[in-house]
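Visitor: I would like to learn how to read interfaces and pockets in a multi-chain model. Can you walk me through one?

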4 protein chains.
Amino acid sequence: MSMTTQMMQSMSKEMAGMPAAMDMSVIQECIEACAACEQACTMCADAGMSGGMVKCMSMCMNCADMCNTTMRVMMRPTGFDATSMTATLQACMAMCVACADECMDHAEMSETCRMCAQACQECAKACDAMLSMMKSMS
Amino acid sequence: MSMTTQMMQSMSKEMAGMPAAMDMSVIQECIEACAACEQACTMCADAGMSGGMVKCMSMCMNCADMCNTTMRVMMRPTGFDATSMTATLQACMAMCVACADECMDHAEMSETCRMCAQACQECAKACDAMLSMMKSMS
Amino acid sequence: MSMTTQMMQSMSKEMAGMPAAMDMSVIQECIEACAACEQACTMCADAGMSGGMVKCMSMCMNCADMCNTTMRVMMRPTGFDATSMTATLQACMAMCVACADECMDHAEMSETCRMCAQACQECAKACDAMLSMMKSMS
Amino acid sequence: MSMTTQMMQSMSKEMAGMPAAMDMSVIQECIEACAACEQACTMCADAGMSGGMVKCMSMCMNCADMCNTTMRVMMRPTGFDATSMTATLQACMAMCVACADECMDHAEMSETCRMCAQACQECAKACDAMLSMMKSMS
């Protein structure tokens, strides 16, 4: 069990911000997917520059920033607000889908883009799972 | 005219990422509102801690991160994608509305909260203006 | 007087984190220079991609992130720590100097790079003024 | 092997930004320590708010932002600049040491603080290893 997971569990006992019905494993998976996607996109934006893939890199920078913000929002149960968290997850999912599509176009030329597209797809899926869980709670 | 405005105009001539129909002044206003709101929320999160306003501070941290991401997305015309920018602006607006509501509850006790609530309201309004413009283009 | 300035002054009365001897106008100038430099570098990183200026863009992304972090650290008087703030300002100054040098090499070809180099130089200067003030206090 | 590690290795073959003498495993460890420390500090800043640990939380917000910036700088070999990377690592180390000291004071009261202090110490150690490696190369 990672330290982040341990801290999430320790926090979920201590504080009342986030609804108790939240499945911690879904949140943890989404946090990890966001972190991985931020890292993949940051590297892809830097690597892609040598190949003239300008749209891809610009989207990767957007996606890295959005994934970092979404990860942090999930890590702050004290300020939990269902409406704004839902909108944040939807924005993150939209960004990951757009970035995955763009990176996929270069997947055969660039191993970096292929791995980045995969990280984006996994993050979009994890955001979708969070959204389903939140919808079932409301 | 600020340097950011000058750079936006210089960029809008050079590159084709963002649709030409975009009103630069609406984007500039939204960028400035996001930057101001990030700063207000960062300070409010730090100041509020002495008054035990825990939900307010956590929301301010979320709002600061989201405003920074939204500002950066608007500053990257190369990777412009209408769907994900719309979702980003909606998330930023939702976060600013939630944060303004929370800060407004402490506005009489704390001048910092009152000014932060105002920055959040102005940012929500600027995001709304961006969304209207984007809708009229699609 | 900007809202950020008003909030800084309102906070400096309320809380004891930052030493009273700090000249608020030096901090405010450095905060504004960091914010302007983050915006210039974010746009330059996006614009430069069309010209194949890969080192410049990568440095601009670094500089944007560092300026944002430095700005936020200055906006959190509650957690003020002289040693780590000094190191942060030194890192921000080093990054701005390196980025200004790189951008200056393309200043004749690109108006975006020229304005970005200027924002970096101004930010390096503002960090230097902060460092001088902090040294005089210790 | 994590995806980030795979991407780092794939990038290190492709591009010439970072010196070949760099030991990739030292960089990877430092990237992972920064990512873990950003997550721990983000959660600690949110959790600590219920206990009135105001200095701790403000420092954790600083440390989270600095760790994220340092991680991203290491993930951008294209813009590698030894001077500014050294200053960035020094700032990150100073911030982690200060934050660990503060969190350690609350370690007996708060499990979150204890785990955060540990993440900060590990990150400071990983930055130190990076600095040693860079010094040996110059």
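**Interface and pockets**

Guide: Start with polar contacts: between chain A and chain D, eight residue pairs are in polar contact, both residues of each pair being at pLDDT 80 or more. Keep in mind that this is a predicted model.

Visitor: Which elements of chain A give two or more residues to the side that touches chain D?

Guide: They are helix 1 (3-14), helix 2 (24-47), helix 3 (54-74) and helix 5 (111-137) of chain A. Helix 2 of chain A supplies the largest share, eleven residues.

Visitor: How does that side of chain A divide by class?

Guide: The side of chain A that touches chain D has 20 nonpolar, nine polar and seven charged residues.

Visitor: How many salt bridges does the rule find across the interface of chain A and chain D?

Guide: A salt bridge is a distance call, with a cut-off of 4 Å between a side-chain nitrogen of Lys or Arg and a carboxyl oxygen of Asp or Glu. Here the rule finds four across the interface of chain A and chain D. One of them pairs Arg72(D) with Glu38(A). Their closest N and O atoms are 3.0 Å apart.

Visitor: What area do chain A and chain D bury between them?

Guide: About 2,900 Å², with 62% of it on carbon and sulfur atoms. In residue terms, 36 residues of chain A are in contact with 36 residues of chain D.

Visitor: Now the pockets. How do I read those?

Guide: Rolling a probe the size of a water molecule over the atoms shows where empty space is left. In this model, the largest pocket holds about 660 Å³ of space. Its lining counts 24 residues, and nearest its centre lie Ile31(A), Glu32(A), Ala33(A), Ala35(A) and Ala36(A).

Visitor: Which elements give two or more residues to the lining of the largest pocket?

Guide: Helix 1, helix 2 and helix 5 of chain A do, together with helix 1 (3-14) and helix 2 (24-47) of chain D. Helix 2 of chain A gives the largest share of that lining, eight residues. By class, the lining has 13 nonpolar, six polar and five charged residues.

Visitor: And how much space lies in the second largest pocket?

Guide: About 540 Å³. This pocket is lined by 21 residues; closest to its centre are Thr4(B), Glu32(C), Ala35(C), Ala36(C) and Gln39(C). Helix 1 (3-14) and helix 2 (24-47) of chain B each give two or more residues to the lining, as do helix 1 (3-14), helix 2 (24-47) and helix 5 (111-137) of chain C. The classes here are nine nonpolar, eight polar and four charged.

Key:
Residues are numbered from 1 along each chain as its sequence is written. Chains are lettered from A and ligands numbered from 1 in the order in which they are written. This is a predicted model: local features need pLDDT of at least 70, side-chain atom pairs count only at pLDDT 80 or more; totals for chains, interfaces and linings use all residues. Side-chain values use heavy atoms; hydrogens and water are left out. Contact means heavy atoms within 4.5 Å. Buried area is the accessible area (1.4 Å probe) that two parts lose on being put together, summed over both. A polar contact is a pair of N or O atoms within 3.5 Å; within protein, one must be able to donate a hydrogen and the other to accept it, and residues adjacent in sequence count only if both atoms are side-chain atoms. Helices (H or I, at least four residues) and strands (E, at least two) are DSSP runs, numbered from the N terminus. Ala, Val, Leu, Ile, Met, Phe, Trp, Tyr, Cys and Pro count as nonpolar, Asp, Glu, Lys and Arg as charged, and the others, Gly among them, as polar. On a 1 Å grid over the protein atoms alone, a cavity is a set of points where a 1.4 Å probe fits but cannot get out, and a pocket is an open set with protein on both sides within 12 Å along at least five of seven lines; lining residues have an atom within 4 Å of a point. Grid points are joined across faces, edges and corners, and a volume is the space filled by probe spheres set on the points.
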